[in-house]
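Subject: Structure handover

Hello,

Here is the structure I said I would pass on. Please open it beside this email and follow along.

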Amino acid sequence: MYWKAIEQKEEYFASRFHLGIMYHKNLQFDDALLCFSQVLDKKDKNLKFHEVYLQRGIVFQDMGNHYFAIEDFN
């Protein structure tokens, strides 16, 4: 469903954010990081960036990359 929304309109960043969460739940860490990073690159004023950084930090933490996790948590 998230991919269908993104295919319709590239600017559906909420769908990309939730797709990243689903990738993380399925242990597809690289895909999750890509989704979260793409959302952060867009600098949309309507997005709650602290939530995106938090989710990306959790992915880094689960990967054992604590340096980048701490960077995102800060």
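Predicted model: local features only at pLDDT ≥ 70, side-chain atom pairs only at ≥ 80, totals over all residues.

The chain as a whole

The chain contains 5 helices and 0 strands. Read from the N terminus, the order of elements is α-α-α-α-α. The chain has 74 residues, and 35% of them are buried. If you take the contacts between residues at least 6 apart in sequence, 26% of these join residues at least 24 apart.

Two helix contacts

A pair of packed helices is described by two values, the angle between the axes and the distance between them. Both values are given here for two pairs.

Begin with helix α2 (residues 13–25) and helix α4 (residues 49–63), whose axes come within 11 Å and cross at roughly 20°. Angles under 35 degrees count as roughly parallel, so α2 is roughly parallel to α4. The crossing of α2 past α4 is left-handed. On the α2 side, the residues in this contact are Phe17, Ile21 and His24. On the α4 side they are Glu51, Val52, Gln55, Ile58, Val59 and Asp62. Sorted by class, the contact of α2 with α4 has 5 nonpolar, 2 polar and 2 charged residues.

The other pair is α4 with helix α5 (residues 66–73). Their axes come within 8 Å and cross at roughly 165°. Angles over 145 degrees count as roughly antiparallel, so α4 is roughly antiparallel to α5. Here too the crossing, α4 past α5, is left-handed. From α4, the contact involves Tyr53, Leu54, Arg56, Gly57, Ile58, Phe60 and Gln61. These meet His66, Phe68, Ala69, Asp72 and Phe73 in α5. By class, the residues of the contact of α4 with α5 are 7 nonpolar, 3 polar and 2 charged. Ile58 of α4 is listed in the contact with α2 and also in the contact with α5.

Aromatic rings

How many aromatic pairs does the structure hold? There are 3. Such a pair is described by how far apart the ring centres are and by the angle of the planes.

One of them is formed by Phe17 and Phe36, with 5.7 Å from centre to centre and 55° between the planes, which is a tilted arrangement. Phe17 belongs to helix α2 and Phe36 to helix α3 (residues 29–42), and the two are 19 residues apart, so that the pair links distant parts of the chain. Are Phe17 and Phe36 buried or exposed? Both are buried.

Another pair is Tyr67 with Phe68. The ring centres of Tyr67 and Phe68 are 5.4 Å apart and the planes are at 75°, so this pair is edge-to-face. Tyr67 has a relative accessible area of 56% and is therefore exposed. Phe68, at 40% relative accessibility, counts as partly exposed. Together with Phe60, Tyr67 and Phe68 form one aromatic cluster.

A loop residue

Most residues other than glycine have a negative phi. Leu27 has a phi near 60°, a positive value in a residue other than glycine. Where does Leu27 lie? Leu27 is in the loop between α2 and α3. With a relative accessibility of 62%, Leu27 counts as exposed.

Regards

Key:
Residues numbered from 1 in each chain as written. Heavy atoms only, no water. Axes fitted to C-alpha atoms, helices over the stretch in contact; angles between N-to-C directions. Helix = DSSP H or I, 4+ residues; strand = E, 2+ residues; numbered from the N terminus. Parallel < 35°, antiparallel > 145°, perpendicular 65-115°, else oblique. Left-handed = near helix turned anticlockwise from the far one by under 90°. Contact = heavy atoms within 4.5 Å. Nonpolar A, V, L, I, M, F, W, Y, C, P; charged D, E, K, R; others polar. Phe/Tyr/Trp six-rings, centres within 6.5 Å; stacked < 30°, edge-to-face > 60°. Buried < 20%, exposed > 50% of the residue type's maximum accessible area, 1.4 Å probe, protein only.
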